[in-house]
Structures are given as structure tokens and as C-alpha cells.
Amino acid sequence: MNEAKKKQDAPSFETAMERLEEIVSSMEGERMSLEEMVSSYEEGVTLLRVCRQRIDHAKLRVETITADL
């Protein structure tokens with residue numbers, strides 16, 4: 001899958017953060033099987049990567065705009 005398609009399929013920053021909060025809450029409060037915990041952790045790491053990419057992209061945009069001043 002190419003990068004443009006991956007980015008298009010990835011959730012927004014806000015959606016990813018909401019889902020991360022749900023995962024953390026679920027892992028802290030519910031009794032989960034080991035497999036469910038590992039699966040939730042894996043999803044969380046994927047969402048964290050999405051959030052970091054979005055932040056890095058926003059930072060670059062701000063730096064580019066600022067450099068043009």
C-alpha cells in the first residue's frame with residue numbers, strides 16, 4: 001500500500017487520541033484476556049504512531065510558514 005493511501009485510511013489526530021483514551025481506560029478497568037490485552041496494546045501503538053506523524057507534519061508546516069516570514 002502506498003503512503004498516500006495509508007495516510008488517507010489513517011484516522012484523524014482527534015479520532016486516534018479518543019480511541020487511545022478508550023483503550024487505556026479499558027485496559028485499566030476491565031478484566032481482559034492476555035490476547036485481548038496484547039491486541040489492544042498493538043492497536044494503541046499503531047494509533048500512537050499516527051498521532052506522532054500528524055504532530056510531526058504539523059510542526060513542519062508551522063516551521064515552513066514561519067521560515068517564510
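Predicted model: local features only at pLDDT ≥ 70, side-chain atom pairs only at ≥ 80, totals over all residues.

By exposed I mean over 50% relative accessible area; buried means under 20%, and partly exposed lies in between, with a 1.4 Å probe and protein chains only. Residues are numbered from 1 along each chain as its sequence is written, and side-chain values use heavy atoms, with hydrogens and water left out.

Let me now turn to the buried side of the helix. Which residues of α2 are buried? They are Ala16, Leu20, Ile23 and Ser26. Seen down the axis of α2, these buried residues fall within an arc of 130°, so they line one face of the helix. The arc is taken from the directions that run from the helix axis to the C-beta atoms. The buried residues of α2 pack against α3, residues 34–67, where contact means heavy atoms within 4.5 Å.

As to its length, helix α2 covers residues 13–29, and its 17 residues should span 24 Å at 1.5 Å a residue; the end C-alpha atoms are 24 Å apart, which agrees. The expected span is 1.5 Å times one less than the number of residues.

The partner helix is next. α3 has 34 residues and reaches 49 Å from its first C-alpha to its last, close to the 50 Å expected at 1.5 Å a residue. The buried residues of α3 are Ser40, Gly44, Leu47, Val50 and Cys51, and they pack against α2.

To place these helices in the whole, the protein has three helices and zero strands, and its elements run α-α-α from the N terminus on. Helices (H or I, at least four residues) and strands (E, at least two) are DSSP runs, numbered from the N terminus. Of the 69 residues in the protein, 13% are buried. Among contacts between residues at least 6 apart in sequence, 71% join residues at least 24 apart.

What makes up the largest nonpolar core? It has six residues: Ala16, Leu20, Ile23, Leu47, Val50 and Cys51. Both α2 and α3 supply at least two residues each to this core. Such a core is a set of buried Ala, Val, Leu, Ile, Met, Phe, Trp, Tyr and Cys residues joined through side-chain atoms within 4.5 Å. Leaving aside neighbours within four places in sequence, Cys51 is in contact with Phe13, Ala16, Met17 and Leu20.

Ser40 also deserves a word. This residue is found in helix α3 and counts as buried, at 13% relative accessibility. Not counting residues up to four places away in sequence, Ser40 touches Ile23, Met27 and Met32. The C-alpha atoms of Glu22 and Ser40 are separated by 9.9 Å, and the two residues are 18 apart along the chain.

Side chains of opposite charge can pair when their charged atoms come close. A salt bridge here is a side-chain nitrogen of Lys or Arg within 4 Å of a carboxyl oxygen of Asp or Glu, and by this rule the count comes to two.

One of them joins the side chains of Glu22 and Arg19, at 3.1 Å from N to O. Glu22 and Arg19 are three residues apart in helix α2 and are therefore separated by about one helical turn. Glu22 is partly exposed at 47% relative accessibility, and Arg19 is partly exposed at 30%.

In the other salt bridge, the side chains of Glu43 and Arg19 meet at 2.9 Å, N to O. Glu43 lies in helix α3 and Arg19 in helix α2, so this pair ties together parts that are 24 residues apart in sequence. Glu43 counts as partly exposed, at 31% relative accessibility. Through shared partners, the salt bridges join Arg19, Glu22 and Glu43 into one network.

To close, α2 and α3 meet through their buried residues, and a salt bridge links Arg19 to Glu43. Thank you for your attention.
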